[in-house]
Amino acid sequence: MKVVLQVVQRASVTIDEKEVASIGRGYLLLVGLTQGDNLEIAKKMADKIVKSRLFPDENGKTNLSLEKIGGEILSVSQFTLYGSLKDGNRPAFVDAMNQEKARPLYEAFYEYLHGIYPSSQSGVFHADMKVSLVNDGPFTLILDSKELFKQ
């Protein structure tokens, strides 16, 4: 599982010119799933995200959590995180989890995330979404469950 975590001043998701989710200051998550991912991994990733201290304290050190600053989360499914251009100029997505398995796992990830951090919203799985954001910093991290949890 990979998550691109972007610290944002605000972010939103629009589908067919209708805004379906929006947040103020917080995290925009782009969430990709791959073969072998499961609910245990998804929960660990959600816990890591919520506990991360990525906002500056009074001394400018990244020391404050999302909860401490009253931030929000916008989670967006993003199978293209497992795209590869290794063998040509057209991306291959063989490492991305197929839609039939990914949908229930992404939905379970978001349900768990929302349960532990209610100030969360989600885009719509497998929809053609337009994502808008104002990066803060910019401050972007790539969280990979294989690196974080040594699977």
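Helix α3 gives the most to the lining of the largest pocket, with 3 residues. Helices here are DSSP runs of H or I with at least four residues, strands are E runs of at least two, and both are numbered from the N terminus. This is a predicted model, where local features need pLDDT of at least 70, side-chain atom pairs count only at pLDDT 80 or more, and totals for chains, interfaces and linings use all residues. Residues are numbered from 1 along each chain as its sequence is written, and side-chain values use heavy atoms, with hydrogens and water left out.

Stay with the pocket. Its volume is about 400 Å³. A pocket is an open set of points on a 1 Å grid over the protein atoms alone, where a 1.4 Å probe fits, with protein on both sides within 12 Å along at least five of seven lines; lining residues have an atom within 4 Å of a point. The volume is the space filled by probe spheres set on the points, which are joined across faces, edges and corners. Among the 21 lining residues, S77, Q78, F79, T80 and H126 are closest to the centre.

Now turn to the largest nonpolar core. It has 28 residues, and M1, Y27, L29, I49, I73 and F109 have the most contacts inside it. Such a core is a set of buried Ala, Val, Leu, Ile, Met, Phe, Trp, Tyr and Cys residues joined through side-chain atoms within 4.5 Å. Buried means under 20% relative accessible area, exposed over 50%, and partly exposed in between (1.4 Å probe, protein chains only).

G60 sits in the loop between β4 (53-56) and β5 (62-65). G60 is exposed, because its relative accessible area is 52%.
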